[in-house]
Amino acid sequence: MRLSAYPLQNLKEVPADADIVSHQLMLRAGLVRRLAAGMYSWLPMGLRVLRKAEAIIREEMNRAGAFEMLMPTIQPAELWQESGRWEQFGPELLRIKDRHDRSYVYGPTHEEVITDIARRELKSYRQLPVNFYQIQLKFRDEIRPRFGVMRAREFIMKDAYSFHADEAGLEVGYQLMYEAYSRIFTRMQLKFRAVLADPGAIGGTGSQEFHVLADSGEDAIAFSDGDDYAANLEKAAALPPAAPRAAPAAAKTLVPTPHVRTIAELASLLKVAPSLCLKTLIVEGATGELVALVLRGDHELNALKAQALEGVASPLRMAAPERIARELGAGIGFLGPVGLGCRIYADHSALTLADFVCGANERDAHLTGVNWVRDLPEAEGADIRNAVAGDPSPSGKGTLAIVRGIEVGHLFKLGRKYSAALGATVLDEAGQSQALLMGCYGIGVTRVVAAAIEQNHDERGIIWPDPLAPFDVALVPINLQKSARVRDASERLYAELTAAGFEVLFDDRDARPGVKFADAELYGIPHRIVVGERGLDAGRLEYRHRRAAESEEFAIADAIGFLKARRTG
C-alpha cells in the first residue's frame, strides 16, 4: 500500500477517556474510530490486523475438524425462554421488538441457536461427534463499556459448539479445542496461559480460560513455578498451612482501640503484623440467617468460594450494617468470633493462628492473645480466601506466583444444560433417546487485537508480532521527491518485495524522515527498510527491526533473502 494514497490520518491528541495503552494506540494509529459508547468502526489499517487474527483462528479450527457456519445475530426470544436465560442473563441481553411486536434479542452468544439447529439436524449417535463454529458479531449491553474494544458492547467472537454422545467423547472434543487454542495463540506469538476458570453465566461443569499476560490485565492469574498448574485467582485453591497451630502463650486481654476501623490501623496501634489480626465479615445466609466469615487480616475474601459454602447465600451478599448491629450487638470494625451468635466459617490459615487479635464485639475494643479451643470453639474450616504469591501450589509442586492477564478465550463443558432444556436428542446404539452432551468454545477476536498491543508496545507505539502486523515491511525512502535514484530504487524494491509475498507499506509521502520513522513505529510494522542516497552509493540499504535499538545495513541485492531470514511466523 502506498501511504500517499491512504486518506485517513493519525490522531495527534488522544481522547481523555482512552485510559489504557491499547485504546490510546488504536485511536492514534487509526485502527479504529468510536461510533458510540462501546461501538467502534474498524478502519482499513485495523481491519488488516483483525483479518490476520481471524485467518489464524479459522485455519486452526478447520485443522481441528470443526465446520464453519454463520448464524443470525438477531435471535427469537422464544429460544431464550425455552433455555431459561431470557430471565437469567440479565440486563446485558439487548431485547428488541420488530414491527409485528415480536420479541428478539441481539445475540450475545449462540448456545440456543446452535442447539435448535442440532435438535433439527442431528438424529443419531452416528452423526457424532461434530463441532460447528462461526466468526461473527456479538452484542452485550455492558453497563459501562470501557477500555476501547477490550470491553465493548459490540465485538467479533469466534464461537464454536460441539455435540457428543457421551462424556468420553466430550472430553476428547474439549481437548481438541484446548490444543487448537494453544496453537492459535502460539502462532500469534503471544505470551499466554490457560487457567482453570468459573463457567459463569454460560453454565456447565469444566471451564478454562486463555489469558494473554499483560500488566494491564483485568484478571489475576495464579500459576505454579513447579509445573503447568494455572488458575484464575477466583478458582485457585489456597491450601491449609502445613505447620500445626502453636500452643497458646498469651492471655486473652481486652484492649481499647478507639477510632480504629481498618486492619492497618489496628496492626499499627498494637504493633503486630496484619497476619496476626483476624477480620470477621458478616454475610447473608441461604435461608435468611447471618453467617460469619473469618480471615487473616492480610488476606482477601474470595466471593466465589464463600458463596459455595453450605448455608451461605449465592450470589454472595454482605449483610446490612444495621442488621449486624441489631442482631449481633456490634458494629463493623469491632466484630470478632469470640461469643459471636451465628454460624462461623474460618479460613484454614486463620485457624492455624495462635495468640491472635480480633474484634471484641463491642465498640472501640479488640481482644489480644486469643486462641481457638481455649477461648472459643474452633470454627468450621474452609478455603475462603484468594491465593497469594508464595502459597504452595494446589498441584503439590512449587509455589504460586500471581500475574495479570487479559481473557481472550474460554472453553466450557456445557454438558446437557441446553440440550435438555431445548430437547436436542439423538438415538444411541440401543435405540434409546439421549440428550446431547455439548461443549462451547469462544475467542474474542477483537479483544485479541487489543491484548496483543497491551503485551507489545513501547513509548513510541505498537510492536506487532509478525503474524498479526498489518504490513510486514515499512519501506521508507528519504527525499523521494527530490532524488530520481531514490525513487527508482524504492519503486523497484517495492515491486520486488510485493512479488516475493511481502506486504509492504510504502511511505511515498512528501514528508520529513522523522515523521515517516515516527509513523512506522506508531503503526508497529515489524521490519523497516530505509532507502537513501548515501546507502545507494555504497550499494546498501538500512534495516531496523521494530524491537531493535540500532539499525544495520545489508546489500541491496540481498533484500529478499535478508528479510525472509528475519521474518517470523
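Residues are numbered from 1 along each chain as its sequence is written, and side-chain values use heavy atoms, with hydrogens and water left out. Because the model is predicted, local features need pLDDT of at least 70 and side-chain atom pairs count only at pLDDT 80 or more, whereas totals for chains, interfaces and linings use all residues. Helices (H or I, at least four residues) and strands (E, at least two) are DSSP runs, numbered from the N terminus.

An open, antiparallel sheet is formed by three strands in the order β4-β6-β5. Strands are taken as paired if DSSP finds at least two bridges between them. Neighbouring strands are turned by 40° against each other on average, direction ignored; axes here are lines fitted to C-alpha atoms, for helices over the stretch in contact, and angles run from 0 to 180 degrees between N-to-C directions.

Strand β6 (residues 103-106) pairs with β4 over three bridges, and P76 has Y104 of β6 as its bridge partner. Four bridges join β5 to β6, with L94 set against Y106 as its bridge partner in β6. The hairpin of β5 and β6 has five residues between the strands, and D101 takes a positive phi near 65° there.

| Strand pair | Bridges |
|---|---|
| β4 and β6 | three bridges |
| β5 and β6 | four bridges |
| β17 and β18 | three bridges |

## Helices

Helix α2 (residues 44-63) and helix α6 (residues 167-187) have axes that come within 9 Å and cross at roughly 150°. The two helices are therefore roughly antiparallel, a term for angles over 145 degrees. Contact, meaning heavy atoms within 4.5 Å, is made by I56, I57, E59, E60, M61 and R63 of α2 with M177, A180, Y181, R183, I184 and R187 of α6.

In helix α1 (residues 21-28), the residues S22, H23, L25, M26 and L27 are buried, that is, under 20% relative accessible area with a 1.4 Å probe and protein chains only. Their cover includes β1 (32-36), β2 (39-42), α12 (445-455) and α14 (513-523). Just after α1, G30 takes a positive phi of about 70°.

## Two buried lysines

K138 lies in strand β7 (residues 130-139) and counts as buried at 0% relative accessibility. The side chain of K138 makes a polar contact with the side chain of Q136 (3.4 Å); such a contact is a pair of N or O atoms within 3.5 Å, and within protein one must be able to donate a hydrogen and the other to accept it, while residues adjacent in sequence count only if both atoms are side-chain atoms. Not counting residues up to four places away in sequence, K138 touches residues including Y106, H110, R153, E154 and D159.

K305 is placed in helix α8 (residues 303-306) and, at 13% relative accessibility, counts as buried. Leaving aside neighbours within four places in sequence, K305 is in contact with E234, A236, A237, A238, D383, I384 and R385.

Technical notes:
Buried < 20%, exposed > 50% of the residue type's maximum accessible area, 1.4 Å probe, protein only. Parallel < 35°, antiparallel > 145°, perpendicular 65-115°, else oblique.
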